[in-house]
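Please work through the following exercises with the structure in view. Each task is followed by a solution in steps.

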Amino acid sequence: MTVITELVPFDEALATYDPVMGLEVHVELGTRTKMFCGCSTELGADPNTQTCPVCLGLPGALPVVNAIGVESAIKIGLALHCEIAEWCRFARKNYFYPDMPKNFQTSQYDEPIAFNGYLDVQLEDGEVFRVEIERAHMEEDTGKSTHVGGATGRIHGASHSLLDYNRAGIPLIEIVTKPITGAGARAPEVAKAYVAELRELIRALGVSEARMEMGQMRCDVNLSLRPNGTEKFGTRSETKNVNSLRSVERAVRYEIGRHAGVLDAGGTIIQETRHFHEDDGSTTSGRVKEEAEDYRYFPEPDLVPVAPSREWVEELRATLPELPRVRRNRLREEWGVTELDMQSILNAGAVDLIVATTEAGADSASARKWWLGELARSANESGRPLDALPITPAQVARVSELVASGDLNDKLARQVIEGVLAGEGDPDTVVEKRGLKVVSDEGALGTAVDEAIAANGAIADKIRGGKVAAAGALVGAVMKATRGQADAARVRELILERLGVEG
Amino acid sequence: MTDIIKLTAAETAARIASGELTAVEVTEAHLARIEAVDEKVHAFLHVDREGALAQARAVDAKRERGERLGPLAGVPLALKDIFTTKDMPTTVGSKILEGWLPPYDATLTQRLRDADVVILGKTNMDEFAMGSSTENSAYGPTGNPWDLTRIPGGSGGGSSAALASFQAPLAIGTDTGGSIRQPAAVTGTVGVKPTYGGVSRYGMVAFSSSLDQGGPCARTVLDAALLHEAIAGHDPLDSTSIDAPVPPVVEAARSGSVAGMRVGVVKQFRGEGYQAGVLQRFDESVELLKELGAEIVELDCPSFDLALSAYYLIAPSECSSNLARFDGLRYGQRTGDDGTRSAEDVTALTREAGFGDEVKRRIMLGTYALSSGYYDAYYGSAQKVRTLITRDFEKAFEQVDVIVSPTTPTTAFPIGERADDPMAMYLADLCTIPTNLAGNSAMSLPCGLAPEDGLPVGLQIIAPALKDDRLYKVGAAVEAAFLNRWGHPLLEEAPSL
């Protein structure tokens, strides 16, 4: 029953159709306890060890709302420029699934805590695109099913399933955009930038680490096409669990091509959920939504309404950090770098590290140089994220301070960094232990310069004759003699001085 | 020592505290009574002989050490099998939970333990508290001690029958549409539905969350008040629990009076379907209240006529969601898991075998009422009616302090009579349901025997939310006046078993 459709090349698809997207992002909050009970939310525990009558949905158990969960939801809502409900309720979303202990999910329906907002996202060329936010609401996560015995890990073909309810009841915020129109060919880029910006925002708010690879942030991509110049939305597909930035972009791109293929062939798009495949970037049909699913929502009678006071909302608004995009633009200007450079700093995950390094006293240029150069290389080689390297921004700042004061030259500084990374101690200790100070004793340096001039008479003559560029060879000789521990600039000065040439 | 079982809870506690009786003696007397009569009555689903005696011994030891005993220390109690108990199975009268031993105690269970009450066992009930006769129990019906061929009311028929047959002086019930009050009425006992949120629902297996309310059952108004005080109060584990002091119910029960009170009689609580003897005893009660110094006020509450219909949309809707968790995957019964069937098929088979007809009927009704396209017409309209009923009560309580009515339109009907006629069964809750929908408090207490069948009739007293003490003030006055008139408690007239 698989229908093979020719994918229409992206540009060709866009020549005919206008994509409309809707993004639903689930964020697992980093609260210490679950949304409706006191169980721990820590990851990595043995299955079913972080459960209680409430999150197991045992008969008689009742939920109690986690106040930090509500606070986090309001913060997210405010940061997304949403209105915050003065009064809202939880609702039960009724459906059957074994990893959902009560066979209903406690969620919110027509009374979300936050609604009508927007998030401005910046594309790579600096263009700002406004994504309108429909709502952000609170709900609980389900448990985790592991299907065993089948080839694919999917339920189809499995002999049995294992259930872990540790995740059941972990607070989730679902953030839903309004239909995103007008992105045109930039739709994949907009989708990616939106999710990236949202991730930065969630992190800046401190409400979740939002690590997509850990499932702390999960994205569903809704996409439809309409012929260019028309108003009416086409039928949408919903691609579930697209869980990396790159995948979001690829899923949008793929679905545009697929939809165009179906439509061009005179077919109709089936409203269905689809699975995304990381390996080739394709999507395949999941379950067909033959009729709109009926979740029989009704207000959760076991919980009282949430009515955040305006005073509290304003207090929370006052604690909001600078929005990531605004902060990025401010830093870009402060650092005097281009949009493109800023993008690579961002991609390297170096923004906060560079900021911390400058705050520890380094100038931004040298902070950037170290984090994007030597340290990025090291991180790359060891396969670790930059912030996992065993060196602190303060240590990097100290190294650049030693360079600025002339105590270290570049080459020595690299050795110091290497020593810190190797666990030999802080920069001063490494300098001490390895004996890496620049030779600043003018007498010793002078002797070395004199020796180099004497040993290289021909070159010295050239320099005296005005070929200043030749000084490099003499500098090299001096550096060699001092085993690199001299300040090259000073050496050059001394050489020119001795030979009576103006630098 | 047959006298022990006839004592009120207050007297029992006083004698234990004074050393006249030991808690073990009291417990043994009740266990012996259970042994002697419960085969006929079938009030209990589970009797915890050892646990009860251990608790009684602990109370006696406490007394010997000179520790102060609480007002109900050592008093035996029959607990409706809807509250979770760590040391006893909890079935809710359903096959689907047969043998389930909960890993936790309900808040109410814990409070009973804290009060040194001796829990004798768990009582029979209509499956998931759905019914008015206890015939819907998966474990067989309970007999009314006044006539074992008749129903003891429901859903809490086990608790009311245990009281009326002197198997326990105290019992716990739950009241979603009348399940405490109607059983009390038809067995000649006292039952109180506290204000919604007055007693924690944590650990009480849910039927209809916005209506369910646990409460005290006893043979006297004072006993009910003592039990009310022991189980009521804010519980952080129940979000809907009221964070306010418990109304002074014991004080009110000790100072019964209606002098100068305005008592409402609602037009809508009489008419077709009411047994003549029930109305006769009710009218006499109103006369009695007048004699005792109350002013009687006629009230019109038109929305009450819609209460039953609204109830049978809201309660099934919530039940359809609350009972979704019974899928056979995690606890309780599982049917048909032969290693080849899917989880979905096993769940279907488990529910088919594990739920009774009435439960299935209400799950279907509720599923339908909540489905998209019907929600507004059914669940939505019912919620509007609920608001109207609440307003009618608010208006009424501007004019009166309490409202009185018959508790239920008829006396106990024969077992089997309405079993195949759900509508006839639902009518038993005609007078009790409005209170659940509005969330206020109500009591049923005996007001005599119907002349035509010699069976108990209940008088319902309804008070505003959080004014539960008024029930006890009025109830105690009525109780004392009737006792004076009859010369003995009504239950003395019940046949010996």
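Two strands pair if DSSP finds at least two bridges between them; helices (H or I, at least four residues) and strands (E, at least two) are DSSP runs, numbered from the N terminus. This is a predicted model, in which local features need pLDDT of at least 70, side-chain atom pairs count only at pLDDT 80 or more, and totals for chains, interfaces and linings use all residues. Residues are numbered from 1 along each chain as its sequence is written, while chains are lettered from A and ligands numbered from 1 in the order in which they are written.

**Exercise 1.** Determine which residue is the bridge partner of B:V190 in strand 6 of chain B.

Solution. Step 1: strand 5 (residues 190–193) and strand 6 (residues 214–218) of chain B run antiparallel and are joined by two bridges. Step 2: B:V190 has B:A218 as its bridge partner.

**Exercise 2.** Identify the edge strands of the open sheet of chain B.

Solution. Step 1: the order of its eleven strands is 1-3-2-4-6-5-10-11-9-7-8, with mixed pairing. Step 2: strand 1 (44–47) and strand 8 (295–299) of chain B each pair on one side only, so these are the edge strands.

**Exercise 3.** Explain why helix 6 of chain B is largely enclosed by the rest of the structure.

Solution. Step 1: a residue is buried if 20 or more other C-beta atoms, placed from the backbone, lie within 10 Å of its own. Step 2: the buried residues of helix 6 of chain B include B:G157 and B:A164. Step 3: helix 6 (residues 157–164) of chain B is largely enclosed because eight of its eight residues are buried.

Methods:
A residue is buried if 20 or more other C-beta atoms lie within 10 Å of its own, exposed if 12 or fewer, and partly exposed in between; C-beta atoms are placed from the backbone.
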